[in-house]
Amino acid sequence: MTPSNPLPDGEIAARTLLQQTQGRVTPARVGVLGILLNANAALSHQEIEQTALQQGLIVDRVTLYRALDWLVEQGLAHKIPGADRTCRYNAQAGVPHQHAHFHCKDCEQVFCLENLQPTLLFALPGGYQIDEVELNLQGRCPDCRNKHAS
């Protein structure tokens, strides 16, 4: 992008978040994080790649994988392994990854359910500490459910 072109909102937020890390602010990292911040659902590598191309961001697959891995390591995104063995990514912006995911079996989208916090129904043995909780729910999202009801 040229400096005379205004950055989309997601890229402005992405640049701001990236400047708070110890790493370099690269066009690939800004673009990928911007895409994740603007997404309504978690995106696969292929969906991120397609969106990047639509936005004029040219990144090869290796660079995209490296950018995603780095964003996950920095806590700016999280990786969600799907039931279909496809990993999807969602922006996290420093919030601990302790929420549920909903995988729609019809449209294959994965949604983060931030307000649905997993409740542990058991006590861990002494000495154990939970750092992350992963809860994957499967069914139909509201849009797909409404399509089947009509």
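Me: How many residues of strand E3 are buried?
Reply: This is a predicted model, in which local features need pLDDT of at least 70 and side-chain atom pairs count only at pLDDT 80 or more, while totals for chains, interfaces and linings use all residues. Residues are numbered from 1 along each chain as its sequence is written, and side-chain values use heavy atoms, with hydrogens and water left out. Strands (E, at least two residues) and helices (H or I, at least four) are DSSP runs numbered from the N terminus, and buried means under 20% relative accessible area, exposed over 50% and partly exposed in between, with a 1.4 Å probe and protein chains only. Strand E3 covers residues 87-91 and is mostly covered, the number of its five residues that are buried being four.

Me: What is the order of the strands in the open sheet of three strands?
Reply: Two strands pair if DSSP finds at least two bridges between them. Strand E1 (residues 43-44) pairs with E3 in the antiparallel sense over two bridges, and strand E2 (residues 77-81) pairs with E3, also in the antiparallel sense, over five bridges. E1 and E2 are the edge strands, each pairing on one side only, and the order of the open sheet is E1-E3-E2.

Me: What angle does the direction of helix H2 make with that of E3?
Reply: Helix H2 (residues 27-38) packs on the sheet and touches E1, E2 and E3, where a contact means heavy atoms within 4.5 Å. Axes are lines fitted to C-alpha atoms, for helices over the stretch in contact, and angles run from 0 to 180 degrees between N-to-C directions. On that basis, the direction of H2 makes with that of E3 an angle of about 85°.

Me: Why is H2 described as largely enclosed by the rest of the structure?
Reply: The buried residues of H2 include Ala28, Val30, Val32 and Leu36. H2 is therefore largely enclosed by the rest of the structure, since the number of its 12 residues that are buried is nine.

Me: Over the face of which residue does Arg29 lie?
Reply: A charge sits over a ring if NZ of Lys or CZ of Arg is within 6 Å of the ring centre and within 35 degrees of the ring normal. Arg29, which is among the buried residues of H2, lies at 3.8 Å from the ring centre of Trp70.

Me: How far apart in space are Leu64 and Arg29?
Reply: Leu64 is found in helix H4 (residues 61-73), and at 2% relative accessibility it counts as buried. Leu64 touches Val32, His45, Ile48, Glu49 and Val59, not counting residues up to four places away in sequence. Leu64 and Arg29 are 35 residues apart in sequence, and their distance in space, C-alpha to C-alpha, is 8.3 Å.

Me: What is the phi of Glu108?
Reply: Glu108 is found in the loop between strand E4 (98-104) and strand E5 (110-113), and is partly exposed, with a relative accessible area of 31%. Most residues other than glycine have a negative phi. Although Glu108 is not a glycine, its phi is positive, at about 70°.
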